[in-house]
Amino acid sequence: MTYHFRQALLAMRGSLTATFATLTTMTLTLLMLGFVLLLTLNVNRTLAQLESQVEVAAFLHPGTDGKALLAQVRGLPQVRSASLVTSAQVLEEMTRDYPYARDAAQLAGNPFPDTLRLRVGRVEDSRTVAATVSTLAGVDDVEYGAGYVDQTVRTLTAVRAAGYVLVGLLLLGTLFNILNAVRVAMYARRNEISVMRLLGATRGFIRMPHVIEGVLLGVTASALALALLTPTYLELASRVQLFAPVFPVVRDLPSLLPILGGVGVLGILIGLAGSLFASRRYLRELE
C-alpha cells in the first residue's frame, strides 16, 4: 500500500496542472452543491412555515348551514384542517384589533359573515381548494391571498429547480475533469505500465495508484469545500436573521450536519468513482 500511495503522490506531482484543475473544479462543485442544498433546506423550511400560515377563508351567505358545509370541506383530500367561525366570533376577533368595530356593529349590525377557515396540506393546493370551495352552495366568496401565495411558491420552486440543474452540470464537469486527470497520468506512465504488464502485474495493481489519487483528490476537495462552506454559511445566516428575522433561517447543528457530512462523503465518492471508471477505461486503451 505504501508503494501505491507513493506512486499516487508522484502521479499528482507529475501532472500538477491537471491535478490543480481537477481539485479546483471539485472544490467549487462541492461548494455550489453545499450552498444549493442549504438553500433548498431553507426553502423547504420557508415553505413549511408558509403552509402552516396559509389559510383559505370561505365567507358564507346568511342562513347557510355552516356545519353541513364544514363536514363537506373536511372531506376534501387537500384539506388538513377546517373550522367554522361564526359571525359573532369574527366580530370578537376584530374587536381585539380594532376596538371601535363593536361600536360600529351596535349601530349598523354585525357586518361579518359566518366563515369557514381551512388549512391545506401543501401550499400549492390553496388555489385548487379555493376553486372547489367557491362552487359549493352557500359560499359567497373565497380568499386565500392568491397573489402572495402563488408568486412565492413559483419563486421558491424556480430557485430550487435552478439549483438542482446547476449542481448536476457541475458534477458532470467534475467527473470529466477526473477522467482527464487520470488519463493524463496514465498516458505519462504508459511505458512504465507496459513494462509492468510484461512482468505480469495485474490490472488491480496498476490501477491502485490512480484510484488512490482520485480518493485523495476527493478528500482534499471535500475538506476545502467544508472549510469554506461552514463558516461562510453561518455568517450569512446570522446576517439574514439579523436583517430579515421573518425568514426561518436554519442554523441548528442537527439540521446542518447531515448536509455538510453528505457533501464531504459525496466528494470522496466522486473521486473514487471517477478514478475507477477512468483507470479501467484508459488501461484498456493503452493495452
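Two strands are said to pair if DSSP finds at least two bridges between them. Helices (H or I, at least four residues) and strands (E, at least two) are themselves DSSP runs, numbered from the N terminus. In these terms, F59 stands opposite T115 in β3, and F59 also stands opposite D141 in β4. The structure is a predicted model, in which local features need pLDDT of at least 70 and side-chain atom pairs count only at pLDDT 80 or more, while totals for chains, interfaces and linings use all residues. Residues are numbered from 1 along each chain as its sequence is written, and side-chain values use heavy atoms, with hydrogens and water left out.

The protein chain contains 10 helices and four strands. From the N terminus on, these elements follow the order α-α-β-α-β-α-α-β-α-β-α-α-α-α. Of the 287 residues of the protein chain, 39% count as buried, where buried means under 20% relative accessible area, exposed means over 50%, and partly exposed lies in between (1.4 Å probe, protein chains only). Contact means heavy atoms within 4.5 Å. Among contacts between residues at least 6 apart in sequence, 82% join residues at least 24 apart.

The four strands form an open sheet in the order β2-β3-β1-β4, with antiparallel pairing. Its edge strands are β2 (79-85) and β4 (139-143), each of which pairs on one side only. From one strand to the next, the twist averages 20 degrees. Strand β1 (residues 56-60) pairs with strand β3 (residues 115-120) in the antiparallel sense over four bridges; within this pairing, L116 in β3 is the bridge partner of A58. Four bridges also join β1 to β4, and these two strands run antiparallel. Strand β1 is mostly covered, four of its five residues being buried.

Axes are lines fitted to C-alpha atoms, for helices over the stretch in contact, and angles run from 0 to 180 degrees between N-to-C directions. Helix α3 (residues 66-74) packs on the sheet and touches β1, β2, β3 and β4; its direction makes about 175 degrees with that of β2. Helix α4 (residues 87-97) lies across β2 and β3 and runs at about 90 degrees to β2.

The buried residues of α4 are V90, L91 and T95. Seen down the axis of α4, these residues fall within an arc of 140 degrees, so they line one face of the helix; the arc is that of the directions from the helix axis to the C-beta atoms. The cover over the buried residues of α4 includes β2, α5 (100-108) and β3. The face turned away from the buried side of α4 carries the exposed residues R96 and D97.

Two packed helices are described by the angle between their axes and the distance between the axes. The axes of α4 and α5 come within 7 Å and cross at roughly 135 degrees. Helices α4 and α5 are therefore oblique to each other, since angles under 35 degrees count as roughly parallel, over 145 as roughly antiparallel, 65 to 115 as roughly perpendicular and the rest as oblique. Their contact is made by L91, E92, M94 and T95 of α4 and by A101, R102 and A105 of α5.

Elsewhere, T27 lies in helix α2 (residues 16-53). At 8% relative accessibility, T27 counts as buried. Not counting residues up to four places away in sequence, T27 touches A221, L224 and A225.
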